[in-house]
Amino acid sequence: MTCELQKHLTEERGFNLMLGFIIRPPHQLLSLLLCPGLRIPRLSVLCAQPRLRAMAVSSSSWELPLVAVCQVTSTPDKEQNFITCAELIREAARLGACLAFLPEAFDFIARNPEETLHLSEPLGGNLLGEYTQLARECGLWLSLGGFHERGQDWEQTQKIYNCHVILNNKGSVVATYRKTHLCDVEIPGQGPMHESNSTIPGPSLESPISTPAGKIGLAICYDMRFPELSLALVQAGAEILTYPSAFGSVTGPAHWEVLLRARAIESQCYVVAAAQCGRHHEKRASYGHSMVVDPWGTVVARCSEGPGLCLARIDLNYLRRLRQHLPVFQHRRPELYGHLGHPLS
């Protein structure tokens, strides 16, 4: 992209960026030729680290719902983690977002399973109460991507759930999803991960939840490796799939973007992935690269290195047109290969 074109697109959207970039996807002309009347939206790719400033513009794209994707480096210090997340959430509200996404383990990342269990809380505990108040204060919906939850069976199991919580702008819990696929893997160069040492897999999927940005299907991190889950969510009405994550330093460069774009393309959904980044403590580090992918598979927003946030507008009319022009769900042949993702009951 030339400097002149980037300057033109920046001025066209009325953004004054301290740090960020705007991409005009190279496939747009080809897609317009293949699908007459199909508009690939020109979405901003922004990273607000340090802050960006947005000025009002008179355009239809400006009226689309804006979402903020937060990237953090959680540690075992729950209080400091909340301060960091709250600052990003308030910034998202100031920039006009209707919904902010936090990554998996936004509450803390412990050094070992024992510390994880010690720091965990029930959904009715103090920490979620603080986020409830924050959602009300900011008038913002929150996707709390992976809360270490002491469930109702805590006394019997002494294990927790990895729980994705959605709060509305009044601070009410409107959806919870407990991670169904636990990450028990040993990747050379990345260190072993045995999530089941402290965590119980969730028993079911959650039906997509209506939000100001669209219907959101809930998942967490390792779930993205199982396309059956995303297909079940989209058949239940999902328009946005969300994968809050803490990807490792080896699997991240190899698989992160590829998997997210694949899930977006096959489901014809927006994919929102808030990620942990950097070194959490002496035993663990995360890849980062939080992003939003549109239903065509284009990365339309991406965070740079370190804590910060990126912004993207969600165009559901574009999503519907794309599904109309490329009706893959009408072309499936389950009689040949079965249902890869059964609709939710």
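Predicted model: local features only at pLDDT ≥ 70, side-chain atom pairs only at ≥ 80, totals over all residues.

Colleague: Which residue stands opposite Trp 141 in β6?

Modeller: Leu 99 stands opposite Trp 141.

Colleague: In which sense do β6 and β7 pair?

Modeller: The pairing of β6 with strand β7, residues 161–167, is antiparallel and extends over six bridges. Within it, Glu 149 has Tyr 161 of β7 as its bridge partner.

Colleague: How many residues of β6 are buried?

Modeller: Nine of the nine residues of β6, which spans residues 141–149, are buried, and the strand is described as mostly covered.

Colleague: You mentioned Glu 149. How far apart in space are Gly 125 and Glu 149?

Modeller: Their C-alpha atoms are 9.4 Å apart, while the two residues are separated by 24 residues in sequence. Gly 125 belongs to the loop between α4 and α5.

Colleague: Is Gly 125 buried or exposed?

Modeller: Gly 125 has a relative accessible area of 17%. It counts as buried because the limit is under 20%.

Colleague: And where is Leu 95?

Modeller: Leu 95 is found in the loop between α3, residues 78–94, and β5. Leu 95 is buried, with a relative accessible area of 8%. From Leu 95 to Val 67 the distance is 9.7 Å, C-alpha to C-alpha, and the two are 28 residues apart in sequence.

Colleague: Now to the rings. How many aromatic pairs are there?

Modeller: The count comes to five aromatic pairs. One of them is formed by Phe 106 and Tyr 131: it is edge-to-face, with 5.2 Å from centre to centre and 90° between the planes.

Colleague: Which parts does that pair tie together?

Modeller: Phe 106 lies in the loop between β5 (99–104) and α4 (113–119), whereas Tyr 131 lies in helix α5 (residues 126–138), so the pair ties together parts that are 25 residues apart in sequence. Both Phe 106 and Tyr 131 are buried.

Colleague: Why is the pair of Tyr 222 and Phe 226 edge-to-face?

Modeller: The ring planes of Tyr 222 and Phe 226 stand at 80°, with the centres 5.4 Å apart, so the pair is edge-to-face. The cut-off behind this is that planes over 60 degrees apart count as edge-to-face.

Colleague: Are those two residues buried or partly exposed?

Modeller: Tyr 222 is buried at a relative accessible area of 19%, whereas Phe 226, at 25% relative accessibility, counts as partly exposed.

Colleague: Which residues do ring pairs link into a cluster?

Modeller: The cluster consists of Phe 82, Phe 106, Tyr 131 and Phe 147.

Colleague: What lies over the face of Tyr 161?

Modeller: Arg 178 does, at 5.8 Å from the ring centre. Arg 332 is placed over the face of Phe 329, at 4.6 Å from the ring centre.

Colleague: Let us return to the strands. What is the order of the open sheet of six strands?

Modeller: The order is β11-β12-β13-β14-β17-β18, with mixed pairing. Its edge strands are β11 (209–211) and β18 (299–302), each of which pairs on one side only. Neighbouring strands of this sheet are turned against each other by 25° on average, direction ignored.

Colleague: How many bridges join β13 to β14?

Modeller: Three bridges join these strands, which run parallel. Ile 240 stands opposite Tyr 270 in β14.

Colleague: Which helix lies across β13 and β14?

Modeller: Helix α8, residues 251–267, does; it also lies across β17 and β18, and it runs at about 30° to β17.

Colleague: And the hairpin of β9 and β10: which residue there takes a positive phi?

Modeller: Gly 189 does, with a phi near 90°, and the hairpin has three residues between the strands. Strands β9 and β10 pair in the antiparallel sense over four bridges, and Glu 186 stands opposite Pro 192 in β10.

Colleague: One last item. What does the side chain of Asp 315 reach?

Modeller: It reaches the backbone nitrogen of Tyr 318 at 3.0 Å. Asp 315 lies in the loop between β19 (308–313) and α9 (316–325), and at 3% relative accessibility Asp 315 counts as buried.

Technical notes. Residues numbered from 1 in each chain as written. Heavy atoms only, no water. Phe/Tyr/Trp six-rings, centres within 6.5 Å; stacked < 30°, edge-to-face > 60°. Helix = DSSP H or I, 4+ residues; strand = E, 2+ residues; numbered from the N terminus. Buried < 20%, exposed > 50% of the residue type's maximum accessible area, 1.4 Å probe, protein only. Lys NZ or Arg CZ within 6 Å of the ring centre and 35° of its normal. Pairing = 2+ DSSP bridges. Axes fitted to C-alpha atoms, helices over the stretch in contact; angles between N-to-C directions. Contact = heavy atoms within 4.5 Å. Polar contact = N/O pair within 3.5 Å; in protein donor to acceptor, adjacent residues only side chain to side chain.
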